[in-house]
Amino acid sequence: MRLRTLSIIPFAVIAMVAAGTTVVSADTGAPLPSAVTAAAQAPVDLRSAGTFAILSQSGVTDVYASAIKGDVGASPITGAAIGLACSEVTGTIFAVDAAGPPCAVTAPTVLTTAVGDVGAAYLDAEGRTFPDFVDLGAGEIGGLTLAPGLYKWNTDVNISTDVTLSGGPTDVWIFQIAGTLDQAAAKNVTLAGGAQAKNVFWQSAGAVTLGTTAHFEGTILSKTMIAMKTGASTNGRLLAQTAVTLQMNTVTLPAL
């Protein structure tokens with residue numbers, strides 16, 4: 001068992017066990033209320049980028065057919081780099097020029113603002129201080145049940161088995177990842193206890209890969225690319241500072 005004292009709980013420690021994470025009293029060993037396991041985080045403000053299910057700076061590739069519920073955009077790259085058919089998107093496709101899909105709206109100013117807002121949101125998530133957990137599981141979080149809070153890794157993060165985020169409808173999870181984020185095929189990120197995808201934020205300095213038929217929850221803010229493998233789905237947003245690649249995927253903008 002590995003113990004870590006939480007500065008915000010003077011006499012509490014974290015016991016990390018195979019089934020997940022449990023907060024216990026250092027004096028009695030009794031579980032503490034989950035509400036005191038971490039300082040409450042405010043959601044990351046996405047501003048105008050919040051309406052986008054997919055927003056990329058260097059294009060979107062797609063193996064037909066995907067189903068995207070929410071807006072899609074790419075900037076500053078030409079609209080020709082948006083490789084989605086109009087029938088795949090329930091929402092508005094925004095392009096910087098007339099080279100986008102036939103249904104696309106040419107709106108370079110809208111996109112410039114949204115891309116700037118993604119950059120600001122990335123820096124907000126990356127810059128949060130006083131994490132509740134550092135390098136949890138040495139980067140392997142599969143099999144864990146994670147309470148709300150701020151998580152920081154100086155490594156890659158892997159989801160090799162299902163992981164659960166358990167909390168209430170206003171609780172917030174922010175994951176700061178210095179490396180890559182990789183989810184194995186057919187594994188799931190699951191929400192429990194009323195947790196909402198709109199309150200989950202994954203900030204990754206490296207590439208993000210969601211495995212074949214895997215399911216993911218929350219907004220991904222990637223410094224580089226986001227790749228969804230065949231049949232993967234997400235209830236969240238793909239906000240990439242380089243490319244987004246799709247292969248017969250489902251991307252659903254979270255309920256606000």
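Is F133 buried or exposed, and what is its relative accessible area? In this predicted model, in which local features need pLDDT of at least 70, side-chain atom pairs count only at pLDDT 80 or more, and totals for chains, interfaces and linings use all residues, residues are numbered from 1 along each chain as its sequence is written. Side-chain values use heavy atoms, with hydrogens and water left out.

F133 is buried, with a relative accessible area of 3%, where buried means under 20% relative accessible area, exposed over 50%, and partly exposed in between, for a 1.4 Å probe and protein chains only. Y151 is likewise buried, at 1%. The structure holds seven aromatic pairs, a pair being two rings of Phe, Tyr or Trp (its six-membered ring) whose centres lie within 6.5 Å, and planes under 30 degrees apart count as stacked, over 60 as edge-to-face and the rest as tilted. One of these pairs joins F133 and Y151, whose ring centres are 4.7 Å apart and whose planes stand at 15 degrees, so the pair is stacked. Because F133 lies in strand β11 (residues 133-134) and Y151 in strand β13 (residues 149-153), this pair ties together parts that are 18 residues apart in sequence; strands (E, at least two residues) and helices (H or I, at least four) are DSSP runs, numbered from the N terminus.

A second stacked pair is formed by W153 and F175, with 6.1 Å from centre to centre and 25 degrees between the planes. This pair links distant parts of the chain, with W153 in strand β13 and F175 in strand β16 (residues 173-177), 22 residues apart, and both W153 and F175 are buried. Ring pairs link F133, Y151, W153, F175, W202 and F216 into a cluster.

Side chains of opposite charge can pair when their charged atoms come close. A search of the whole structure finds one salt bridge, defined as a side-chain nitrogen of Lys or Arg within 4 Å of a carboxyl oxygen of Asp or Glu. The salt bridge joins D124 and R128, with the closest N and O atoms 2.7 Å apart. D124 is partly exposed, having a relative accessible area of 28%, whereas R128, at 16% relative accessibility, counts as buried.
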